[in-house]
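Trainee: Could you walk me through this model before I start on it myself?
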Amino acid sequence: MKIVIAPDSFKGSLTSVEASRIINRAIKDFDPLIETAQIPMADGGEGTAEAVLWNKSGEMISCPVLDPLGREIKAGYGWIEKEKTAVIETAAASGLPLLTQDELDPEKATSYGTGQLIKDALDRGAETIIIGLGGSATIDAGTGLFEALGVKFFDEDQNEMNLIGGKLQQISAIDISGLNPKLADVEIITASDVTNPLLGENGAIAIFGPQKGVEQEELTRFERGMQHFSELAEASLGRNMAGEPGSGAAGGIGFLLRMLLPVKFRSGLQMIAEVSEMDRNLAGTDLVLTGEGKIDGQSLYEKVPVGIGRLAKEKNIPVIAFAGSIGPGAENLEAEGIHAVMPIVDGPLNLEEAMLNSEKLLYDATLRLMRILYIGKKLTE
């Protein structure tokens with residue numbers, strides 16, 4: 001038997017690399033003769049840099065940055081020296097995993113730290129920068145990111161604004177004359193499976209605002225701020241990319257990247273699949289194991305397990321997905337190539353307990369699955 005192991009991260013508890021290793025260890029403990037191929041996956045969010053480095057010879061670079069609330073922390077990005085390529089996740093410096101639920105503050109949250117990571121990569125001599133647009137805690141339309149790269153924003157009194165966060169409606173002028181000149185010689189690739197526009201019912205505020213702390217009664221106010229900034233950017237720069245797919249990614253970072261740089265937007269999942277030679281690894285495979293923290297109807301919207309299911313379905317390979325929790329709509333995933341969803345919890349647990357014990361839970365769940373597969377094999381015989 002050959003099993004391909006291709007999970008996403010279990011957000012807040014296990015990276016995709018850690019999950020891959022745990023699943024592989026359980027399989028080998030059950031039967032060391034089973035052939036396995038570990039292919040940690042990501043979609044542009046948390047774990048993207050690690051997933052790329054799993055397949056490329058590189059290292060994680062650490063540097064001091066500001067977190068979403070302006071506190072100094074250490075954050076890392078992937079660096080592939082021989083290719084002069086940096087792999088930067090918005091989640092690393094500006095992400096939801098850096099804040100507790102009580103700390104979510106869309107009015108203050110800034111993407112400045114992500115811009116600091118980009119600047120560090122530019123100073124290191126990067127020729128290509130891959131930016132994973134996923135898991136951000138911000139809705140600042142990328143103003144913080146570009147502030148760190150030399151762009152200035154002013155209020156109606158011509159006072160320079162810093163760490164703008166959700167106060168987009170207060171911006172009255174944009175000055176891009178100080179934009180870091182090194183960006184002109186760098187290829188920028190965004191990795192994201194979010195195709196939402198900047199504005200409207202499918203935009204950055206309406207769809208992603210609530211998970212970043214925007215209260216229901218505040219959605220309209222934040223949407224007006226985003227609309228104002230979009231119109232200001234159009235007046236200042238002579239074009240508007242608000243309706244382009246992916247402009248709503250990472251709280252609008254996708255929008256300002258499109259406005260200021262000649263970026264290439266790519267599917268994060270497809271990019272990792274190519275880097276890891278997924279097609280080649282699926283050849284001769286009997287089973288694919290994937291998974292993520294929560295699987296439900298939202299997983300249909302370009303989440304890693306569904307993407308893996310679709311790739312495997314083309315080759316008639318069954319897929320089983322592990323999940324920390326299973327929600328409504330998971331029953332619809334069979335049509336996407338996922339034959340079964342297996343919960344990793346083995347009894348009543350609250351979220352905190354489950355996350356603290358995620359390594360053991362995933363290991364034990366993999367062993368349970370292998371025993372079930374063994375019984376199925378014996379019955380077939």
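**Overall fold and one residue**

Mentor: Of the 381 residues in the protein, buried ones make up 54%, and please keep in mind throughout that this is a predicted model.

Trainee: How many helices and strands are there in the protein?
Mentor: The protein contains 13 helices and 14 strands.

Trainee: And what radius of gyration does the protein have?
Mentor: The protein has 21 Å, which agrees with the value near 21 Å for a compact globule with 381 residues; along its principal axes, the C-alpha trace spans about 80 × 50 × 35 Å.

Trainee: What about contacts, how far apart in sequence are the partners?
Mentor: If we take the contacts between residues at least 6 apart in sequence, 71% of them join residues at least 24 apart.

Trainee: Is I253 buried or exposed?
Mentor: I253 counts as buried, because its relative accessibility is 0%, and the cut-off for buried is under 20%.

Trainee: Which residues does I253 touch, then?
Mentor: Leaving aside residues up to four places away in sequence, I253 touches T90, S111, L133, T138, A141, G142 and L145. I253 and D140, although 113 residues apart in sequence, are 7.5 Å apart in space from C-alpha to C-alpha.

Notes:
Residues numbered from 1 in each chain as written. Predicted model: local features only at pLDDT ≥ 70, side-chain atom pairs only at ≥ 80, totals over all residues. Heavy atoms only, no water. Helix = DSSP H or I, 4+ residues; strand = E, 2+ residues; numbered from the N terminus. Rg over C-alpha atoms; globule rule 2.2 N^0.38 Å. Buried < 20%, exposed > 50% of the residue type's maximum accessible area, 1.4 Å probe, protein only. Contact = heavy atoms within 4.5 Å.
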